[in-house]
Amino acid sequence: MTMTRREVLCRSFGAFGAAALAFERFGLLNALAQSADYRALVCIFLFGGNDSGNMVIPYDDYATYASTRQNGGLAIPQTSLLQIDVPSSGSRFGLHPSLTGLHELWGQGKAAVVCNVGSLVEPTNRDSYRNRTVRIPANLFSHSDQQNQWQTSVAEGSSATGWGGRTADRTGDFNATSFPPVTSTAGTPIFTSGSVERPLAIAAAPTRLDGALRLDGFPNPPDNDARYVALQNLLLLDQGTTLVRGASRVTAEAVAIERALRAAGDPVVPPFPLSPRTSLGNQLEQIAKLISLRNELGMRRQIFFCSLGGFDTHSGQVVGGNPAAGGHANLLSQVSNAMRSFYDATVALGVASQVVTFTLSDFARTHVPNGTLGTDHAWGSHQFVVGGSVLGGDFYGVAGSNGTVFPTLAPSGPDDTDDGGNARGRWIPTTAIDQYGATLASWFGVSGVDLPAVFPNVGRFSPTTLGFLG
Amino acid sequence: MKTATLLLFSLSFVSLVHGVPEVEGQPSWPDTVRFLEQSTFGPTVPLITNVQQAGFEAFLAEQLAAPMTGYPDLEFWPQNRPASCTGDCQRDNYTNYLLQRQFFLNALNGQDQLRQRVAFALSQILVVSRVDVPLPSWMRSYQQLLHRSAFGNFRQLLYDVTLHPTMGRFLDMLNNRCQARTPPEPTVCRNGLRAQPNENYAREILQLFSVGTFRLNPDGTRQLDGSGNPIPTYDQQTVGEFSRVFTGWILAPALPGPSGIGGTVPNYRDPMRVRQDALGREDYHDRGPKTLLGGFALPGGQPQAEELNAAIDSIANHPNVAPFIGKQLIQHLVTSNPTPDYVGRVALVFAAGRNSPTQLYDVVRAILLDPEARGDLKDPASEPHYGKLREPVQFITNILRAFSATSDGVLNSLSVGGSAIGSAEMGQDLFNPPSVFSFYPPTARVPGEGVLGPQFALFSSLTSLRRANFANRVIFSTIPAAAPNRPTGTSIDLAQWDALANDPEQLIASLSGLLLHGAMSTEMRDAIRAAVDSIPASNSRARVRTAIYLIATSSQYQVQR
């Protein structure tokens, strides 16, 4: 009988059981037939608040965009935009000139954009926001709070878990293994933590996969080493102390999985490694390597987390006099190249239609720039979704007052939180994080019945899912 | 001398296990160890015995008076590296290498331990980062300010931080200008720009440096409205108003360039100054009226420097500051989940010292001498959530100080034998936190638990094993010298411990006294004993190493309790 991961976690009190099982399973599952039923979600968090207003830009309606953005020297020239057709809107848009890789994927129908999505307690528009006739998310425009809300989908109050972790909680039975279903190359942010499932954090490339976790100083195999035995025994003790218990949980899993990963080797998945290497490229490379071992590890559902920082572009976002160049352009270039390469890697692995990659970010930035070639904190943002199952080449989301999913780029206009002559253009989201996440989680395998357990407030929004995955 | 110390140490432990105070009126061994875990970068046997004899009050007074170690002068170089500056020149003037080394050297050897510990805590509250501070000379001048101010007045510190050019650069108050408004109000702004003031510093000084996002009771708990919801301290409108106050500041006059290079370089040493046009007018400052925290109104038209003072007052006088900053200092020094009573007692001292030049010293003293901080043992049954996870830097320094390490201070970014074991690799890259939110959020929880454990944000499967690998490297071997950037490496000294190896019970008990203030459970002792006993008594060093490794890598040691 196959023991599910949840049963493993419930039954094994601590390190010993988990360690033995992980090792045994890894050996056992080499012999299992390959399963075609595999799905993975790959979350890319853009920390700091990506200026998505300069990522997806109206082309036909360029003047509306430029009239306010050019004051601070931030308007990307229309001639440099990478044009895209957006069938559902009936007009043309442009991508930032750094997004060549994503532009190609758009053309192939493998990339889509979810527009004006953000943290919401309930459906909100300018009137209800300004009159406070709806509840609004806690501490809007604050990095820490908005990052938290993007990762938990809970916009008021607090949540001890994230929607990545909760999605894994509800799909754990797919995996006939004790290998953790959530793996991160960027620490263990709340997105990755469920009530049952806890994230595994590993080193990014160029660290070898079989060294992505590493415990020095023991013979191989270490089972008969008295110090190794003692190390594991200690992880079971003093469980009455909360912080000690928490630390032992993390270390026990690390020690167990370190054993399992020793057998992983270091697969090469083209087109990785990127030249030159980048932070996000290295993370996605390691994720691609792990996906290549999905059958050996007995994985049928996996969630990955990686991230890139530097998006808090209050100043120096662009080069003075050359708004298509500068810090933000460099970041977008890295994102685009890494996402494009990762998509190609999934093609090489034969799982392109089984892996979906998507972005999250704190918030978008003020449409009206500040006086230091930068932008400040705003709200609703645009996010990219990439994969073979993405119904790409179009915008998705909930239509706002202008009848489209794309906001009206008018300070003090129908989508702005601000009012008056000094309004900054902080778009009120028409699409909730809950809907964006629910679309991904449903495709991944969370049943309709379980969806409210993953997204407790999704019932407040209509439709529940956004249709960008086939 | 060393033998005598060890003997004294062992005797101390024997009296500890029998529950007898060593000398009437002196603090106990375990409480002294706990006190030094909270107030220094790690207890050492000589320091424990000294503080036991002198008492906590005398130690604190001595620390207040101890000369500041700080960072040696660094020449100010041009922002863009001259082509001639390569190799050591580039490393020393364009990376944080020297500062990171000095940080660890000070932590390992400096006498002003408490000042360093508080300055380190402040550096994680009033944050700047290499992310936007590329020159170490700029970083140094800011860190010196934190060290100088660690025992000073908080309002003064907030003012000095606000005008420090390095903070000005990091959070964009530097060169922030008034903006012509629509409809135009020529009396407000003279520079004619048409955008909006930069909100960065205005938001973060409120959210992170002073009052926080929710109104607090004096004990740090949140105030609630009639519906049971927390009450915001300020809103976006307030942020906008402060962003207009914080306009008009530019760098002080340029400094002469380094010897051999010449010219002038940007002044990241002196406070920012008021920008004036050729007619002496403050043409970058927004002169309109503004409404600050708590409805405090600035009428407009006042001199820029006066407005700044009024704005800092409006922040520093807010009742949130005492519990907001006081609680974070408790969390950095003592425990992640202090009771509201503890926070309240500390906040009272904070508020009472508002005009004191030693306000922060008095606050730290209150934190460390509070009944909730003190005691020989925190009982898991009554205080299960007590303590804090050692952050990477403290994990490293506590081990090294406990075993009389000699070190070149190269411990931040460290790869030895292909294993990544420095503080940066454990998630704490000194002077380079990812953002103004520093290395870990104060809201992070203990994995699988409902209680706070901020430092757990840096404790993952990856970094947990890296901690173990650091312990393995220094305990079983050494961090060797490696040219050009690791001149001597790092080694601990276990010689005095070998003598205890033929008595495993005594060895483990003594290590428990030094590393776990004697709080090792019998089950933990038995587990370690089994591993030690498996090694022949003739191999005394291997026994010592095994015992130390197992304690240093245990969860019980990761948590400072």
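These questions and answers concern a predicted model with chains A and B in contact.

Q: Which element gives the largest share of the side of chain A that touches chain B?
A: The contact takes 61 residues from chain A and 67 residues from chain B. On the chain A side, the elements that give two or more residues are helix H6 (143-152), strand E7 (200-201), helix H8 (226-234) and helix H9 (242-261). The largest share, 13 residues, comes from H9(A).

Q: How many charged residues are on the side of chain A that touches chain B?
A: Chain A gives 61 residues to the contact. By class, that side has 23 nonpolar and 27 polar residues. The charged residues there number 11.

Q: Are H9(B) and H13(B) oblique or parallel to each other?
A: Helix H9 (residues 154-163) and helix H13 (residues 304-316) of chain B have axes that come within 10 Å and cross at roughly 135°. H9(B) passes H13(B) in a right-handed crossing. Angles over 145 degrees count as roughly antiparallel and 65 to 115 as roughly perpendicular. The two helices, H9(B) and H13(B), are therefore oblique.

Q: Which residues of H13(B) make the contact with H9(B)?
A: From H9(B) the contact takes B:Phe154, B:Arg155, B:Leu158, B:Tyr159 and B:Thr162. By class, the contact of H9(B) with H13(B) has 6 nonpolar, 1 polar and 1 charged residues. From H13(B) the residues are B:Ile312, B:Ile315 and B:Ala316.

Q: Which elements do the buried residues of H6(B) pack against?
A: Helix H6 (residues 97-109) of chain B has 13 residues and reaches 18 Å from its first C-alpha to its last, close to the 18 Å expected. Its buried residues include B:Leu99, B:Phe103, B:Phe104 and B:Leu108. The buried residues of H6(B) pack against helix H7 (113-123), helix H8 (136-149), helix H17 (392-402) and strand E8 (406-407) of chain B.

Q: Are H17(B) and H18(B) roughly parallel or antiparallel to each other?
A: H17(B) and helix H18 (residues 461-476) of chain B pack with their axes 11 Å apart, at an angle of about 20°. Angles under 35 degrees count as roughly parallel. H17(B) and H18(B) are therefore roughly parallel.

Q: Which residues of H18(B) meet H17(B)?
A: The residues of this contact of H17(B) with H18(B) divide into 7 nonpolar, no polar and 1 charged. H17(B) brings B:Phe395, B:Ile396, B:Ile399 and B:Leu400. In H18(B) they meet B:Arg467, B:Phe470, B:Ala471 and B:Val474.

Q: Is B:Arg273 buried, exposed or partly exposed?
A: B:Arg273 lies in strand E4 (residues 273-274) of chain B. Leaving aside neighbours within four places in sequence, B:Arg273 is in contact with B:Ile250 and B:Ala252. A residue is buried with 20 or more other C-beta atoms within 10 Å and exposed with 12 or fewer. B:Arg273 has 17, so this residue is partly exposed.

Q: Where does A:Pro463 lie?
A: A cis peptide bond joins A:Ser462 and A:Pro463, with omega about -5°. The place of A:Pro463 is in the segment after helix H14 (451-454) of chain A.

Q: Is A:Asn139 buried or exposed?
A: A:Asn139 lies in the loop between H5 and H6 of chain A. Phi of A:Asn139 is near 50°, a positive value in a residue other than glycine. A:Asn139 has 23 C-beta neighbours inside 10 Å and so counts as buried.

Note on methods
Residues numbered from 1 in each chain as written. Chains lettered and ligands numbered in written order. Predicted model: local features only at pLDDT ≥ 70, side-chain atom pairs only at ≥ 80, totals over all residues. Contact = placed C-beta atoms within 7 Å. Helix = DSSP H or I, 4+ residues; strand = E, 2+ residues; numbered from the N terminus. Nonpolar A, V, L, I, M, F, W, Y, C, P; charged D, E, K, R; others polar. Axes fitted to C-alpha atoms, helices over the stretch in contact; angles between N-to-C directions. Left-handed = near helix turned anticlockwise from the far one by under 90°. Expected span 1.5 Å × (residues − 1).
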